[in-house]
Amino acid sequence: MGWVRKSSYVAPALAALCALGAAGAATVAYGVRELTNFRLKTYDLALLAPGTLRGARSFDILHVADLHMIPGQRRKVDFVRSLDELAPDLVINTGDNLSDPAGVPWVLDALGPLLDRPGAFVFGTNDYWAPRPVNPLTYLLDAKRTPSYVDLPWQGMRAAFLERGWHDATHQRLEFKASGVRLALAGVDDPHHDLDDYAQIAGAPNPDADLSIALTHAPYRRPLDAFNADGYDLALAGHTHGGQICLPGERALVTNSDIDRRRASGLHRYGRMWLEVSTGLGTSKYAPVRIFCPPSAALIRVTERS
């Protein structure tokens with residue numbers, strides 16, 4: 001009788017464990033499939049003074065982030081190249097382009113036609129240093145991880161960006177025109193590992209600019225608060241991967257920064273300015289899974305105020 005009583009508990013327990021294992025395997029398989037479920041998110045913002053566009057419908061900003069490129073990712077390359085068909089007026093890249101030392105040619109192939117358009121960029125730590133294996137629980141606990149400090153060939157990638165005409169906004173205040181719109185841009189180096197130094201770019205953007213844009217790889221409150229206080233119109237960031245492992249509806253569990261989870265991706269108000277955080281187009285090669293958070297780029301259509 002004792003054996004029968006014990007077996008009556010063991011069998012359901014084993015069945016439950018098997019069911020959990022099957023569900024876990026199915027979830028991981030789904031997460032791997034989502035890695036190439038590339039999407040384009042579109043937003044509309046009325047920020048420009050009447051008459052700025054001189055009859056054009058909008059000033060279109062394409063934001064790409066977190067490519068985390070690995071050689072052989074042809075579908076990602078083809079998707080990014082296809083974004084040139086949108087004919088954006090400005091391309092912004094907020095970093096973490098690499099996930100492998102041999103990834104630079106693949107990044108340049110992906111961005112190829114977009115590099116012929118006006119653009120600006122800042123880098124993230126996964127441009128400077130290679131990723132390394134980490135305990136996944138560390139990510140779910142939203143704990144900051146120490147970089148590998150294994151150098152990636154970012155200097156050559158930066159040189160290629162500059163040669164094609166893109167602007168490095170890292171600790172720089174930039175002013176230029178694109179499609180007739182006067183732009184004021186400023187950016188910081190990656191605040192995720194305290195590389196930012198806002199003092200180098202502090203101060204309000206040129207009041208004669210039609211649109212002012214702030215760039216940071218990671219959406220930390222420290223630089224965002226400073227950009228907001230200085231009066232920028234729009235801030236762009238990546239880094240969060242939208243949470244990467246989310247609840248349905250892209251509801252982030254963690255942000256990998258000190259931004260609130262509600263603003264881990266998408267377009268939101270941040271004080272007086274707008275903030276758009278990209279879900280990104282890749283992941284670390286040591287964490288190749290996305291759950292309820294497909295990779296995406298963003299097109300922000302800036303229109304005139306009524």
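**Strand pairing and burial in the predicted model**

Strands β9 and β13 run parallel and are joined by four bridges. Strands count as paired if DSSP finds at least two bridges between them. Helices (H or I, at least four residues) and strands (E, at least two) are DSSP runs, numbered from the N terminus.

The model is predicted: local features need pLDDT of at least 70, side-chain atom pairs count only at pLDDT 80 or more, and totals for chains, interfaces and linings use all residues. Residues are numbered from 1 along each chain as its sequence is written, and side-chain values use heavy atoms, with hydrogens and water left out.

Strand β9 is covered on both faces. Leu234 and Leu236 are buried on one side, Ala235 and Ala237 on the other. Buried means under 20% relative accessible area, exposed over 50%, and partly exposed in between (1.4 Å probe, protein chains only). Strand β9 also pairs with β8, in the parallel sense, over three bridges. Here alanine 214 stands opposite alanine 235. The chain passes from β8 through α7 to β9 in a right-handed β-α-β crossover. Right-handed means that, with the strands pointing away from the viewer, the path from the first strand over the helix to the second runs clockwise.

Helix α7 spans residues 221-230. Its buried residues are Pro223, Leu224, Ala226, Phe227, Asn228 and Asp230. They pack against β7 (181-187), β8 (211-215), β9 (234-237), β12 (266-270) and β13 (273-277). Contact means heavy atoms within 4.5 Å. Just after α7, glycine 231 adopts a positive phi of about 95 degrees.

Strand β2 (residues 59-64) is largely enclosed by the rest of the structure, because six of its six residues are buried. In a regular strand, side chains alternate between the two faces of the sheet. On one side of β2 lie Phe59, Ile61 and His63; on the other lie Asp60, Leu62 and Val64. Five bridges pair β2 with β14 (residues 296-304) in the antiparallel sense. Phenylalanine 59 faces valine 302 of β14 in this pairing. Strands β2 and β3 (residues 90-93) run parallel, joined by four bridges. Histidine 63 stands opposite isoleucine 92 in β3. With helix α2 (residues 74-82), β2 and β3 form a right-handed β-α-β unit.

Over the chain, secondary structure comes to seven helices and 14 strands. Of its 306 residues, 52% count as buried. Among contacts between residues at least 6 apart in sequence, 76% join residues at least 24 apart.
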